[in-house]
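Subject: Structure for your files

Dear colleague,

Here is the structure I said I would pass on. Please look it over alongside the notes that follow.

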Protein chains: 2
Amino acid sequence: MSRSIPELLAPELREVVGREYVRADAGSLERYGQDALGIGHPPDLVVIPADTNQIAAIARLCDERRVPLTVRGAGTGYTGGAVPTRGGVLLSLERLNRILEIDETNLLAVVEPGVITGDLQRAVEAVGLFYPPDPASLDISSIGGNVAECAGGPRGFKYGTTRRYVLALEAVLPGGEIIHTGSKAVKNVVGYDLTQLLVGSEGTLAIITRVTLRLVPKPPARATLRALFGDIRGAVTAVSTLIRRRVVPATIELIDAASLEAVREHLGRDLAPRDTGAMLIVEADGTEAAVAEEIDVAAQACRDAGATAVALASGDEEREQIWTARRLISLALRATGLLKINHDVVVPRGRVPDLFAVIQGLRDRFGLRIVAFGHAGDGNIHVNLMVDRDNADERARAAQAERVLFERVVALEGSISGEHGIGFAKAPYLGIELSAEAMALMKRVKAAFDPHGILNPGKIFP
Amino acid sequence: MSRSIPELLAPELREVVGREYVRADAGSLERYGQDALGIGHPPDLVVIPADTNQIAAIARLCDERRVPLTVRGAGTGYTGGAVPTRGGVLLSLERLNRILEIDETNLLAVVEPGVITGDLQRAVEAVGLFYPPDPASLDISSIGGNVAECAGGPRGFKYGTTRRYVLALEAVLPGGEIIHTGSKAVKNVVGYDLTQLLVGSEGTLAIITRVTLRLVPKPPARATLRALFGDIRGAVTAVSTLIRRRVVPATIELIDAASLEAVREHLGRDLAPRDTGAMLIVEADGTEAAVAEEIDVAAQACRDAGATAVALASGDEEREQIWTARRLISLALRATGLLKINHDVVVPRGRVPDLFAVIQGLRDRFGLRIVAFGHAGDGNIHVNLMVDRDNADERARAAQAERVLFERVVALEGSISGEHGIGFAKAPYLGIELSAEAMALMKRVKAAFDPHGILNPGKIFP
């Protein structure tokens with residue numbers, strides 16, 4: 001009666017994966033009990049299978065015993081998607097880490113979910129191909145997690161997010177059935193698109209065990225520019241102007257004054273003169289000629305929108321300098337020692353100025369330090385509430401500000417998450433964006449995959 | 001007890017949409033009882049609502065009475081998706097035909113489902129924007145049908161199919177609930193991606209009543225080439241070569257010798273010398289400079305693969321001549337007077353030569369006339385079985401050939417449909433591609449949306 005989950009399941013799980021791959025020591029439980037959000041609940045057991053058949057056996061065991069089963073990629077998410085909410089079994093995909101195939105004729109790769117995204121990118125670039133999705137975590141996050149959360153990144157503006165590159169999946173259902181969705185063909189309209197349904201489903205529908213990814217040719221050339229503006233509105237006008245001139249750069253990153261200030265204060269570096277209100281980084285890629293043309297249009301659009309300075313980088317070294325500036329921001333925010341509550345809200349890009357007005361309103365109303373930067377081409381802005389974790393009052397104000405932010409974003413016809421997913425961190429806010437009917441429908445879809453609700457309970461739904 | 005569906009429902013439907021928009025005359029029932037496949041079953045009633053609220057009321061009535069409800073766009077599909085299989089109510093979306101919004105800042109359009117795809121394309125191109133999906137039916141098919149079937153077209157190789165352009169949907173569930181999926185933001189990972197699940201669901205899950213589409217800038221330049229080859233293998237080698245040289249043209253169309261022969265025989269036109277085994281049409285688009293570069297690489301790839309002739313069209317008139325050749329094929333096939341059983345199978349592009357070997361095997365084994373052409377970049381080849389509709393034996397041989405074709409395509413890691421969907425025409429073959437587990441899962445998803453199974457019964461599933 002009172003035997004705990006570990007006692008009940010551990011012997012059987014050991015038979016499936018071998019003794020050394022079932023862990024219940026305090027260190028493992030703590031390590032696998034959190035992600036980049038830094039909040040979580042430890043599992044009762046950690047199991048580290050070697051292949052799909054072992055995963056099917058684990059799923060079947062958990063389903064029979066109604067034990068929560070949380071699947072973990074590299075644990076780099078910001079919303080707790082890979083972290084248990086109430087114990088149970090944590091299944092880590094770290095041993096499924098092989099690139100199985102890079103097919104240069106059909107422009108695709110077949111990989112196991114534990115492959116680190118950056119490793120895949122380097123492998124395909126070595127043969128002149130390109131896997132565009134570039135979440136900031138790409139050197140530490142895994143393809144399986146990227147697919148489960150539908151990761152984005154700066155290049156999403158031109159290339160789309162992870163979703164666009166997933167052709168086919170192998171996945172395990174809670175009952176232990178192994179299903180195959182999609183195919184190696186780039187077009188497929190046979191039955192419902194379960195592939196796209198699984199992308200972004202945050203480990204709540206099935207366990208992804210193999211991923212077939214579409215690749216594109218590696219762009220032969222790229223060029224980057226950095227432009228400074230007196231205020232956010234000028235920067236956004238530049239973005240709108242270049243889009244009206246029908247240019248789609250690979251990347252348009254926007255950095256606000258608070259971000260520049262954080263770098264100044266915490267790293268002692270001046271990325272721009274003190275009166276700078278916003279910085280844009282624009283990168284074009286493609287053929288040599290197209291890149292030259294696009295970056296010129298972008299530079300002119302910045303000047304026409306009142307940029308106070310426009311610097312063009314052609315060589316790799318100059319490019320690197322510009323991107324270093326972007327990376328320093330995250331470093332500076334970490335250096336504050338504050339809790340960084342990172343929200344990846346997204347609005348139609350023409351409404352980015354309204355979003356920044358909302359952010360300023362939150363600063364004024366709640367007395368919070370808020371740093372914002374992100375993907376201006378997409379309207380996907382990372383809004384970082386910087387909070388003293390020992391100050392209960394400030395944390396309470398941040399919680400209030402969060403809700404107001406989400407309500408305003410939805411009122412601007414945007415979305416409360418563009419890249420990070422819902423996990424448990426944003427679950428209480430789902431109803432701000434989705435109607436009761438839509439949520440009820442999603443729960444019925446969930447039940448179609450996972451009738452006993454064992455997969456990643458406590459996620460997505462409030 | 002014995003009152004028929006029309007008698008039961010007609011008065012209430014008239015109250016919803018007005019007397020003139022409920023039809024039960026023989027002409028209407030016949031007209032709305034078939035699509036481009038030319039086979040079907042008439043509905044008992046045709047209802048032509050004006051807006052989403054009327055559609056919700058119709059859905060609720062049909063759901064309460066358990067009456068089959070089939071939704072029809074422009075009725076141009078090849079698999080019977082918009083045609084009843086056993087009577088019931090046919091809901092035509094023809095009155096929901098407005099372009100509601102073209103947003104040049106956010107690069108999107110909001111349209112009603114009855115808008116003709118070509119009309120939308122012209123409207124957005126007039127302001128320098130571009131809606132890439134280009135099914136052959138674009139001047140007669142509607143956006144709603146394109147979304148429901150996930151229509152493709154020649155440009156799919158570079159630009160992807162309809163799926164890639166659908167940002168958000170308004171849809172009516174069978175119970176009458178109106179749901180909104182996605183948003184105007186180009187990234188959205190809030191809950192399951194119901195938008196992508198509805199794309200390609202063939203009217204079996206919900207009734208799409210409004211579509212928000214992503215647009216891209218209109219490419220400023222394009223160039224087209226036509227290349228002739230001694231055989232299919234040469235043409236496919238050219239395609240692989242240009243892809244290995246890392247070029248992605250907008251379109252790569254492949255036309256086989258049987259297609260050229262059909263034009264010669266039925267229209268008296270010689271599109272190429274008699275010993276031509278295959279024709280390629282390659283079109284590049286983008287900036288002036290990029291287009292020049294890409295089309296040169298493509299021409300060289302064709303020559304290196306042994307093309308017997310390569311002709312480059314730069315002006316609009318020359319371009320038009322090349323595309324006319326492509327369009328003449330469909331005309332010639334119609335002129336045969338034969339039944340054209342058009343299958344849009346798709347294989348990984350490197351396997352297109354294997355697919356053509358399969359097709360030749362079918363000709364030899366079943367004594368059938370088979371004409372094949374299509375989107376070589378995608379591996380999506382339209383295989384047309386040309387059958388005398390009065391010859392029962394030939395029809396039976398065609399049915400056998402069909403099954404063998406589908407089995408071989410799946411063995412080549414392809415898919416039995418790349419663009420046309422399953423409808424009822426391909427439903428018997430679903431099990432060739434999908435496992436029993438995957439089909440069972442899809443049926444549970446169907447039940448999550450449509451518990452009483454009223455929406456488009458007899459479609460997709462065997």
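**Helix pairs in chain A**

Helix 12 (residues 352–366) and helix 13 (residues 392–411) of chain A pack with their axes 10 Å apart, at an angle of about 155 degrees. An angle over 145 degrees counts as roughly antiparallel, so that is how helix 12 of chain A lies relative to helix 13 of chain A. The crossing of helix 12 of chain A past helix 13 of chain A is right-handed. On the side of helix 12 of chain A, the contact is made by A:Leu355, A:Val358, A:Leu362, A:Arg365 and A:Phe366. Helix 13 of chain A contributes A:Arg397, A:Gln400, A:Ala401, A:Val404, A:Leu405, A:Arg408 and A:Val409. Please keep in mind that this is a predicted model.

A second pair in chain A is helix 9 (residues 257–267) and helix 11 (residues 316–335), whose axes come within 8 Å and cross at roughly 60 degrees. Helix 9 of chain A is therefore oblique to helix 11 of chain A. Their crossing is left-handed. Residues of helix 9 of chain A that take part include A:Ala262, A:Val263 and A:His266, and among those they meet in helix 11 of chain A are A:Leu328, A:Leu331 and A:Ala332.

**Helix 4 of chain B**

Helix 4 of chain B spans residues 117–125, and its buried residues are B:Thr117, B:Gly118, B:Leu120, B:Gln121 and B:Val124. Viewed down the helix axis, these fall within an arc of 160 degrees, so they line one face of helix 4 of chain B. They pack against strand 5 (99–103), strand 6 (108–111), strand 7 (129–130), helix 5 (143–149) and strand 10 (207–214) of chain B.

The largest nonpolar core has 209 residues. Those with the most contacts inside it are A:Phe229, A:Leu254 and A:Phe449, together with B:Phe229, B:Leu254 and B:Phe449. Beyond its neighbours within four places in sequence, B:Phe229 is in contact with residues including B:Ala235, B:Ala238, B:Gly277, B:Leu280, B:Cys302 and B:Thr308.

B:Gly277 sits in the loop between helix 9 (257–267) and strand 14 (278–286) of chain B. B:Gly277 has a relative accessible area of 12% and is therefore buried, the cut-off being under 20%. Leaving out residues up to four places away in sequence, B:Gly277 touches B:Phe229, B:Gly230, B:Asp231, B:Ile232, B:Asp256 and B:Ala257. From B:Gly277 to B:Ala257 the C-alpha to C-alpha distance is 4.9 Å, although the two are 20 residues apart in sequence.

Regards

Notes. Residues are numbered from 1 along each chain as its sequence is written. Chains are lettered from A and ligands numbered from 1 in the order in which they are written. This is a predicted model: local features need pLDDT of at least 70, side-chain atom pairs count only at pLDDT 80 or more; totals for chains, interfaces and linings use all residues. Side-chain values use heavy atoms; hydrogens and water are left out. Buried means under 20% relative accessible area, exposed over 50%, partly exposed in between (1.4 Å probe, protein chains only). Helices (H or I, at least four residues) and strands (E, at least two) are DSSP runs, numbered from the N terminus. The arc is that of the directions from the helix axis to the C-beta atoms. Contact means heavy atoms within 4.5 Å. A nonpolar core is a set of buried Ala, Val, Leu, Ile, Met, Phe, Trp, Tyr and Cys residues joined through side-chain atoms within 4.5 Å. Axes are lines fitted to C-alpha atoms, for helices over the stretch in contact, and angles run from 0 to 180 degrees between N-to-C directions. Angles under 35 degrees count as roughly parallel, over 145 as roughly antiparallel, 65 to 115 as roughly perpendicular and the rest as oblique. A crossing is left-handed if the near helix is turned anticlockwise from the far one by less than a right angle, and right-handed if clockwise.
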